Amino acid sequence: MNFDLIDIIVFVCYCTLVIGLGLWVSREKKGVKKDAKDYFLASKALPWWAVGASLIASNISAEQFIGMSGSGFAIGMGIASYEFMAALTLIIVAAFFLPIYIHRGIYTMPQFLEQRFDKRVKSVMAIFWLVVFIFVNLTSILYLGALAMKNMMGIDLMWGIVILALFAVVYSIYGGLKAVAWTDVIQVVFLIGGGLVTTYVAFKLLGGGASIVDGQTRIAIGEGSFMDGVREMWAAVGPKSGDNRFNMILEKGDILISDGEGGVKDAYMDLPGLAVLLGGLWVANLYYWGCNQYIIQRALASKSLDQAQKGLVFAGFLKILLPLIIVIPGIICYVMIKDRLIVDTIGSTYDNAYPTLLSMVPAGIRGIAFAALIAAIVSSLASMMNSISSIFTLDVYKSYFKKDLSDTGSVKVGRITSIVALVIAIFVAPVLSNLDQAFQYIQEFTGFVSPGALAIFLAGFFYKKANANGALAAAVGTFVFSLAFKFLLPAVPFMDRMGYTFLLCCLLIVLFAVFSKKTVAVEKVTYPKGLFKTSTGFKVGSAIIIVLLAIIYIAWW
């Protein structure tokens, strides 16, 4: 892909703005050093709009822009259930999870587990999270971002990984969560704005038609309108087209996709029908948005519970908008290839769909779109590094190596941890190059942790008899059950597998509670009166989100 001067100017302006703001926010007042509260929780000073923006900027990364667009190309709108269901999940987390976290005054998720259960549970889950965050999440963000840079700018994959890592390091390592959260506000403007512009231009390209030049992938685009493109897509893959790519709920045999090994598989294995609404996707979403340090850390850094709850509702509205930015472009690319408007250079490598589409947009727009993509990648990298450093510093290093670690020492260890985690991820990331749908890889392997973790947290919140031994059993059981399903019952879709594993982990917790002779301390399972009360604004926003989701699923069932 060729970048014109205007594209380079737009991208340089974006980089300058983000780095400049990050360094400005990170500055220290004369004679004042950052303490743990400043570094890990942004001084607990974030307003609702910063919480919501940071949540989305942290959540949306290359795995969505590249990975989910790739799944949109392969599967269609059904993959958007991850976004739509997340909007509803955010409401539940805001109403029932956040009040407990903020009431207990925690910095990290493992801290809650230690308060509710014991140090063993905290340590086991802290190690699980560190492994998943570094070897699955951080590596996949780097790999997919570098893949986009390779396809769009011709940058070698390894160099792309290093460049993205250095960009994130420049402002986030020194400033901590405060730098990450406030730059996320800028990042989300580029992310949403640039993404919408890209989708708009893509529809115009589709509406204008295109023709292959000299048998190559270079194309000549005619003039078309946005609505012409919408009608073209609807005719090609809409509910009456017979293509099934606008089915929100897939049935067996609706769509066949590559299995990554030269064969095909049923897309139902990734999105198993009603289980998307009633089964395992709830496990994935409630875990991700409600028990995940990477996400919850933003809400914990808010000014108050009310501000945190409003921030999550704001994020919920943005989640409903996001499929237009990260799923529809993949579908548009599919339609262009299906209608023979462009040469099929994607084949079974679905993650090339978004970069292929970006290669067609005009100069200037290309720079904005690329800035949006990099914004998503860098903000997620920075957020992930901060979460890794928080858990390692506060839940591992301070617990086992230096119990009297000072606030200044905590900040120093946090910075070193971020750098070490990033270096590990840089060397592991290229290994992911053999995947056909990186987004599904991330979901499946995170699904080894999420069922047990969610069972432990829900029991810790609402089951007064739950004890530490039961929580430990669930922590180990989530891997045992998941592996058993994967290898002994491979025909079970991974989303269903998460649901079944979650139920089995809950059963373990109940059995340990029933047969245990130990009683749980009252103060661990009681909450002050009115803790779960929410504001009128929160209730109105939640109601609007629920109505919008109902309309979407009824219309595209």
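1. One definition is needed first: a residue counts as buried under 20% relative accessible area, as exposed over 50%, and as partly exposed in between. By that scale Lys310, at 29% relative accessibility, is partly exposed, and its salt-bridge partner Asp306, with a relative accessible area of 27%, is likewise partly exposed. The closest N and O atoms of this pair are 3.2 Å apart, and both residues lie in helix α13 (residues 305–321), 4 residues apart, about one turn of the helix.

2. Please keep in mind that this is a predicted model. The protein chain has 23 helices and 4 strands, and of its 557 residues 60% count as buried. Among contacts with a separation of 6 or more, 83% come from residues 24 or more positions apart. The accessible surface comes to about 21,100 Å², with 66% of that area belonging to carbon and sulfur atoms.

3. A search of the whole structure finds 5 salt bridges, including the one described above between Asp306 and Lys310. Another of them joins Arg231 to Asp228, with 2.8 Å between the closest N and O atoms; these two residues sit 3 residues apart in helix α9 (residues 226–237), about one turn of the helix, and Asp228 is partly exposed at 32% relative accessibility. The side chains of Arg120 and Asp118 also meet in a salt bridge, at 2.8 Å from N to O; here Arg120 counts as partly exposed at 41%, whereas Asp118 counts as buried at 18%.

4. Since 30 of its 36 residues are buried, α17 is largely enclosed by the rest of the structure.

5. Arg298, in helix α12 (residues 293–300), is buried, with a relative accessible area of 0%. Arg298 and Leu55 are 243 residues apart in sequence, yet their C-alpha atoms are 6.6 Å apart in space.

6. Ile424, which is found in α18, counts as partly exposed at 31% relative accessibility.

Terms used. Residues are numbered from 1 along each chain as its sequence is written. This is a predicted model: local features need pLDDT of at least 70, side-chain atom pairs count only at pLDDT 80 or more; totals for chains, interfaces and linings use all residues. Side-chain values use heavy atoms; hydrogens and water are left out. Buried means under 20% relative accessible area, exposed over 50%, partly exposed in between (1.4 Å probe, protein chains only). Contact means heavy atoms within 4.5 Å. Accessible areas come from the Shrake-Rupley method with a 1.4 Å probe; for residues, only the protein chains shown count as cover. A salt bridge is a side-chain nitrogen of Lys or Arg within 4 Å of a carboxyl oxygen of Asp or Glu.
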